[in-house]
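Work through the exercises below with the sequence and the structure open. Each task is followed by a solution in steps.

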Amino acid sequence: MNPANLSLSEAAARLRDGTLTSTALTQAVLDRIAARDGQLHAFSALDSTAMDQAGAADRALAEGCDLGALHGLPMGIKDMIDVAGQPTTCGSALPAEPAKSDAETVALLRAQGAVILGKLNTYEFAMVGPDLTLPHPPARNPWNPAHITGGSSSGSAAAVAGGLIRAVLGTDTGGSVRSPAGYCGCVGLKPTYGRTSRQGVFPLSPSLDHIGPLAATVAEAALVLDAITNDPAARPACTLIGRDINGLKLGYPRAWFAADPRADPALIRAMDNAASQLSLLGARIEEITLPDYALYEAAGSILIHAEALAVHQSLIRTHASAYGRLVLQSLAFGAAVDTDALTRARCAARHLTAAMEQAISPFAALILPTTLTPALPFSAFDGEKAVWTPMRTIPFNLTGQPALSLPMGFADGLPLGLQIVGASGAEDMICRIGHAFEMATDASLMHPPL
Amino acid sequence: MTDLTETEFRRLLAEKGLHLDAKTFAAALLGARNLRAEIARLDAWLAELDSPK
């Protein structure tokens with residue numbers, strides 16, 4: 001078997017039993033990238049030290065020094081996150097100096113032996129895209145390169161779903177890990193707010209920013225999340241994986257998406273099928289009503305735009321001409337939010353969080369779709385104004401609750417994502433449910449025609 | 001609250017040091033008006049929460 005196809009745990013086992021080296025694994029992944037990334041544009045830069053890192057990992061293992069679960073395994077990093085010695089371009093044409101040090105999440109990956117392979121494309125400043133006017137080409141959906149990946153972790157999702165690499169780090173402020181994972185057919189895990197460090201990550205909206213993994217499977221996403229968790233009190237995400245879900249109560253807020261006229265009928269069918277599948281596995285599905293979705297989107301949108309403008313204000317004064325049109329437009333929206341409106345939005349966010357916590361409390365988790373449609377074609381984006389694709393992700397950036405997206409089916413040959421949302425700190429539960437669903441269905445086993 | 005005028009939006013942008021070309025300004029104004037509508041939506045909800053039952 002090509003080592004690039006091995007799961008993280010399979011590769012880790014083979015590194016330890018001597019049937020694989022990190023050097024061979026890293027070379028296989030680099031070969032895969034060389035073969036496929038011309039179509040996908042997932043990576044923005046490869047780390048020239050990757051093979052040296054792999055050699056060092058092999059020598060360390062040979063000397064009996066095992067750094068942990070990720071020892072010798074290649075990882076990719078969204079280009080919003082600092083990797084020492086490499087510029088963090090944020091997908092922008094603005095000048096970027098090489099980062100002086102690793103972001104804390106990257107440092108944690110290295111401390112556990114990961115090989116940092118390179119940087120992955122992102123929508124500009126993780127805000128809006130695809131922007132076809134930027135100098136670098138946007139990442140393309142592995143299932144159909146005429147379609148977008150979603151964003152903003154666009155290259156991250158394309159790389160994992162395209163089989164280039166098993167796991168990467170992304171950022172999620174309104175759905176930027178989960179929606180591209182859903183559109184491209186891989187797993188995306190947004191952790192509880194604050195579980196992973198934001199240090200060394202270019203901010204979009206500090207009160208909504210989360211760092212989390214995208215991976216080929218739920219178990220691999222959980223493994224990487226546990227590696228980058230810097231909260232010693234957090235329950236490991238991996239511990240319940242493999243347990244059955246018999247008797248678990250799952251809340252199903254069907255009207256939250258099915259009543260939206262933008263929801264694709266195939267998506268609604270796929271979501272109902274997913275609920276039925278979970279029921280066959282023994283879960284008890286209960287249809288529930290949540291507070292008005294539009295309120296969550298409103299509060300999230302106000303916070304993102306106001307905070308993003310504050311982040312960029314000094315850069316805009318000096319480099320406005322280097323920004324893409326779509327990002328400049330989106331940043332300008334924030335000027336409509338004054339201090340009082342921002343304060344009221346934060347107050348509303350607290351009420352909405354309390355309401356969601358109350359709604360989730362009787363359940364092991366909620367189930368709902370990640371997005372309301374499959375990935376749109378590039379032809380839907382004219383580059384003149386931003387096009388917002390309908391999703392159901394931003395409420396959980398606002399509430400800080402963990403949310404997992406994993407493949408649940410296809411529409412028109414494009415993947416659809418199932419989202420599983422838990423109580424704060426319940427990454428272990430949502431990964432348990434996600435893994436059980438993954439094992440019982442074949443959506444995660446399908447590979448794009450590359 | 002939602003009837004953000006062009007003049008007011010230009011003033012707000014200038015305060016932030018943002019100067020947009022005509023095409024970008026037109027799209028940004030639409031988005032800014034939508035955001036004002038979202039602010040109004042939340043304000044109405046918060047007022048409802050505060051009102052005596």
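**Exercise 1.** Which strands of chain A does helix α4 (residues 104-111) lie across, and at what angle does it run to β3(A)?

*Solution.* The model is predicted, so local features need pLDDT of at least 70 and side-chain atom pairs count only at pLDDT 80 or more, while totals for chains, interfaces and linings use all residues. Residues are numbered from 1 along each chain as its sequence is written, and chains are lettered from A and ligands numbered from 1 in the order in which they are written.

Step 1. Helices (H or I, at least four residues) and strands (E, at least two) are DSSP runs, numbered from the N terminus.
Step 2. Helix α4(A) lies across β2 (74-78), β3 (115-120), β4 (167-172) and β6 (210-215) of chain A; contact requires C-beta atoms, placed from the backbone, within 7 Å.
Step 3. The angle to β3(A) is about 150°, with axes as lines fitted to C-alpha atoms, for helices over the stretch in contact, and angles from 0 to 180 degrees between N-to-C directions.

**Exercise 2.** Give the strand order of the sheet in chain A and find its edges.

*Solution.* Step 1. Two strands pair if DSSP finds at least two bridges between them.
Step 1. The 11 strands form an open sheet with mixed pairing, in the order β1-β3-β2-β4-β6-β5-β10-β11-β9-β7-β8 (chain A).
Step 2. β1 (43-46) and β8 (284-287) of chain A each have a single partner strand, so one side of each lacks a neighbour in the sheet.
Step 3. Direction ignored, neighbouring strands of this sheet are turned by 30° against each other on average.
Step 4. Within the order, β5 (residues 187-190) and β10 (residues 403-411) of chain A pair in the antiparallel sense over 3 bridges; Lys190(A) stands opposite Ala403(A) in β10(A).

**Exercise 3.** Describe the packing of α7 (residues 218-228) and α14 (residues 427-440) of chain A.

*Solution.* Step 1. Two packed helices are described by the angle between their axes and the distance between the axes.
Step 1. For α7(A) and α14(A) the angle is about 160° and the axes are 9 Å apart.
Step 2. The two helices are therefore roughly antiparallel (angles under 35 degrees count as roughly parallel, over 145 as roughly antiparallel, 65 to 115 as roughly perpendicular and the rest as oblique).
Step 3. Val218(A), Ala219(A), Ala222(A) and Leu225(A) in α7(A) meet Glu427(A), Cys431(A), Gly434(A), His435(A) and Glu438(A) in α14(A).
Step 4. The residues of this contact divide into 5 nonpolar, 2 polar and 2 charged (Ala, Val, Leu, Ile, Met, Phe, Trp, Tyr, Cys and Pro count as nonpolar, Asp, Glu, Lys and Arg as charged, and the others, Gly among them, as polar).

Note on methods. Contact = placed C-beta atoms within 7 Å.
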